[in-house]
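Colleague: I would like to go through this model and check what stands behind the terms used for it. Please show it.

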Amino acid sequence: MNITKESTGALTAILKIEIAPADYSAAVEKQITDYKRKANIPGFRPGHIPTGLIKKMYGKAILADEVNRLISDNLVNYIKEEKLDILGNPIPNLEKNEAIDFENQDTFDFYFDLGLAPEFSVPTDKDMDIHDYSIIVDDEMVNKYIDDTRKRFGKPVQEVTPSEETTVEITEGDKPEEVKEPVVEPAEMTPEFFNMVYPGLDLQTEEDFRKQVKKDAAMSFTTETDKLLFNNITEALVKNTELPLPDTFLKRWLLDNNEGKYTPEEIETNYSSFSESMKWQLIENRLIKDNGIEVTDADIRTYISTYMLRQINMNDLDPEMQKRYESIIDTFMQNKEQVQRINDQLYNGKLMDYFKANIVVHPKEVTYDEYIALASALHKHDEEHDHDHNHGDDHGHDHDHGHDHGHDHDHTH
């Protein structure tokens, strides 16, 4: 087995794989022996079928399967051993690959095109004019929250009803009267009320209470505004990172990998969006690798326990209950799609922590209505660019920084 690499451009190369009889003979003979032992052919006793007949009937298919296995295994091994950072998967080179004649050939040459990931640096210390929006909590919001909270902690008031009996006749077609909520006397603005709402803070005055409400409301918006900030940062990093791609190769790879799902015209139309996604995935993997960011199974299990089972501290449970909860978590962990979603969410959270500590952002206050307009514009942008990026790309969200080079199609066609 001999594999050589020839550069064909700044970010492309060709691999040549040469296969000789010494590479496959022993495996093919073993397969033929197994077929001879197991095959059921009318007129012959099992295990007594002539070797020549087995070769005639199955030899070509056995050889083709073994050659394909050699190609797939050795492509993976070569790329790993040479530490090649490739994009997508190797693509058979249709110009160089010749038709294979397994009846008359015993040596085989195969050629594969590679797309290589570029060298680049992420400008994390650069001012990229990124806005970190925070929603202004105005008096109207505070007043509404306080009014709702006072009612929630208020005392029901008994309604006064007429003393005399009243008879009501209901006929078909009559609509029942709307059921009214109990009249509630709002809680008084006292230190006792303040500390029922915020235990342990020892709030004594209405001014202290209003400040805490305002702070609490501002924090409640953080999850939403962080989504917008994360998007703004990723877009800025893609825009400001010098990151060329082997575009011609990637378009061919998309066409080959999607097996007719997209036409060449559709790939051309959507390629700019795909290339932005690819660039972000490369940047994301670089940040994760360079900064030792990782998500472990223990992190995922803790997330399931805390946020999905609402179980904050497993250590506080008795052994039997702990065992029961661990069994439930084990069941959750069997759902690969769910675990992958949690994995991605935790990675995004850790990336966000990194961004907040290392990326230059400019705080900007907006009203709630202004934020809704910004978020709506982002949603519209995402919908316009929402096409399938899940092309089996090695730089996707699996975050294992490996390369899945398995080839489920026949290389010998």
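Colleague: Which residue of β2 stands opposite K5?

Modeller: L15 in β2 stands opposite K5. This is a predicted model, where local features need pLDDT of at least 70, side-chain atom pairs count only at pLDDT 80 or more, and totals for chains, interfaces and linings use all residues. Residues are numbered from 1 along each chain as its sequence is written, and side-chain values use heavy atoms, with hydrogens and water left out.

Colleague: What makes β1 and β2 a pair?

Modeller: Two strands (E in DSSP, runs of at least two residues) pair if DSSP finds at least two bridges between them. β1 and β2 have 7 bridges, in the antiparallel sense, so they pair by that definition.

Colleague: Which are the edge strands of the open sheet?

Modeller: The order of the 4 strands is β1-β2-β4-β3, with antiparallel pairing. β1 (2–9) and β3 each pair on one side only, which makes them the edge strands.

Colleague: Which residues of α7 are called buried?

Modeller: In helix α7 (H or I in DSSP, at least four residues), spanning 247–257, they are F249, L250, W253 and L254. Buried means under 20% relative accessible area (1.4 Å probe, protein chains only).

Colleague: Why are these put on the same side of α7?

Modeller: Because they cover an arc of only 135 degrees around the axis, taken from the directions from the helix axis to the C-beta atoms.

Colleague: What covers them?

Modeller: The cover includes β2 (12–19), β3 (86–92), β4 (108–116) and α8 (264–290), where contact means heavy atoms within 4.5 Å.

Key:
Buried < 20%, exposed > 50% of the residue type's maximum accessible area, 1.4 Å probe, protein only.
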